[in-house]
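Hello,

Here is the structure you asked to look at. My notes follow below it.

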Amino acid sequence: MSSDLDLEDRYRRVLRLLPGYYRDEWEEDMVAAFLDSRLTGDLDEDVYVVLFGRPSWQEVASVAGLAARLYLGGATAPRRYFAWGQATRFAVLAVTLVQATRGLDVLLLTAWSRRLFGWLPAPPAGMVAAMPSSLPSAVWYLVAYAWIVAFVMLALRYYRIAQFIAALAIVPDLVTLLQGQFTGRLPAPYVGPWAFFFLLNLAPVLAMTAFHRDAPSAPCWPWLLALPANYLLVVVPLLALDLNGNSAWVPDFSGLYCILVTLACLVRLPLARSRQAASSGVWSLTLVLLATDAGAYRIFSIADYLHDRHLINVGLAELLILLVAVGLIASDAARAQAAASAPPPYPQPG
Amino acid sequence: MTGQAFFVLTALADGPRHGYGIVGEVAELSQGRVTLKIGSLYGVLDRLSAEGLIEPDREEAHDGRLRRYYRLTQDGRRALATEAELRAASARVVRARLRLTGTEPAG
């Protein structure tokens with residue numbers, strides 16, 4: 001019956017969200033179960049449903065959720081999906097680490113300003129963290145600290161708690177942006193802050209979905225130690241530059257993000273080029289994802305500097321070195337995509 | 001074990017079922033609290049089969065389509081029994097606490 005194909009075709013179209021290997025195995029069964037769930041046995045009603053019925057949004061959402069889990073594969077997934085899954089998980093940890101380092105910076109500057117480090121001299125006037133004097137400034141401090149909690153929860157494998165805290169932490173930023181956009185209080189073109197919101201706030205929160213039940217656990221101690229290490233190796237030297245009157249050498253956040261990813265690519269390069277079997281390409285793929293994020297943010301945030309040709313040139317130079325660095329490890333990242341092993345065969349009935 | 005996986009295994013405890021049969025049985029067992037969408041069901045079936053807790057039983061033609069039936073494996077039966085015991089033990093502890101605080105009548 002041609003009309004019978006209508007609802008079925010619509011559902012099969014939804015199933016195209018799933019990876020090919022999975023559809024080969026499960027599609028027919030899923031279609032049969034779906035049609036069973038919609039057809040009642042009443043001829044008139046069934047004809048109507050078949051002709052005009054569509055998969056509900058809950059059905060579509062359940063297939064989309066399954067697709068996300070399969071594409072960002074766990075340990076039993078085919079190699080390429082596992083590589084994408086691992087790279088996404090590492091990239092989320094890295095971006096959350098960056099956010100947590102910013103939070104730690106706020107926390108330590110606040111503690112320093114309150115003279116909680118008695119052995120340190122008073123901070124210079126320009127670095128004193130003011131006491132929150134209004135609700136928005138108090139929320140700003142809370143958001144900075146929330147990213148530290150979210151990162152620690154992620155490293156300790158409390159994935160859903162981390163995602164919940166991070167999701168809460170991005171709400172004030174969104175409210176501020178919308179408020180600024182609609183009241184016209186914030187300067188045009190205002191692209192950089194929106195890019196920051198989408199690329200460094202919303203993207204990692206959504207991508208935390210990659211930490212699903214099938215995902216292998218990342219070792220927590222290296223990631224936890226990365227937070228103080230990142231602060232000491234990145235933030236402290238920048239503070240020192242700033243304190244010594246060399247603030248012109250301190251890059252903006254977008255530039256710093258590009259430089260850090262570039263350095264990580266260069267550190268990775270010897271192993272990526274060694275063609276050793278141990279190199280699965282997952283870390284290189286992680287760096288490609290981070291470079292995409294950093295590069296996109298650099299491009300959009302240049303819009304904030306349209307008035308200053310020198311800063312535009314600096315931004316373009318940062319972008320260029322990032323592209324070169326990521327190009328050097330691209331072949332290793334591609335290795336993670338190659339030789340996709342078949343999934344474990346599903347035993348046939350009988 | 002997730003609630004969905006627990007109910008799917010329970011639905012297969014008394015015999016093989018096809019996909020939609022499992023959905024219906026899970027809804028009945030959970031008194032309507034768990035309504036599996038097809039994408040969610042096959043996510044659970046895929047995971048349980050990878051863990052060796054269920055396996056295909058047979059295929060039957062129905063209205064021109066093949067329905068695949070699934071059954072519990074021995075490992076699946078053991079895992080379900082263990083999970084049921086764990087949940088029953090947890091329920092006993094909760095009930096004892098509630099009795100102690102007088103929020104549930106004894107007996």
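In chain B of this predicted model, strand β2 (residues 54–62) and strand β3 (residues 65–72) pair in the antiparallel sense over eight bridges. Strands are DSSP runs of E of at least two residues, helices are runs of H or I of at least four, and both are numbered from the N terminus. Two strands count as paired if DSSP finds at least two bridges between them. Glu55(B) stands opposite Arg71(B) of β3(B). The hairpin of β2(B) and β3(B) has two residues between the strands, and Asp63(B) there takes a positive phi near 55°.

The open sheet of chain B has three strands in the order β1-β3-β2, with antiparallel pairing. Its edge strands, β1 (17–18) and β2, each pair on one side only. β1(B) meets β3(B) over two bridges, and Arg17(B) has Tyr70(B) as its bridge partner.

Next, the interface. Contact (heavy atoms within 4.5 Å) takes in 25 residues from chain B and 28 residues from chain A. Four salt bridges cross between the chains; the rule asks for a side-chain nitrogen of Lys or Arg within 4 Å of a carboxyl oxygen of Asp or Glu. One of them joins Arg68(B) to Glu25(A), with the closest N and O atoms 3.7 Å apart.

Residues are numbered from 1 along each chain as its sequence is written, and chains are lettered from A and ligands numbered from 1 in the order written. Local features need pLDDT of at least 70, side-chain atom pairs count only at pLDDT 80 or more, totals for chains, interfaces and linings use all residues, and side-chain values use heavy atoms, without hydrogens and water.

Regards
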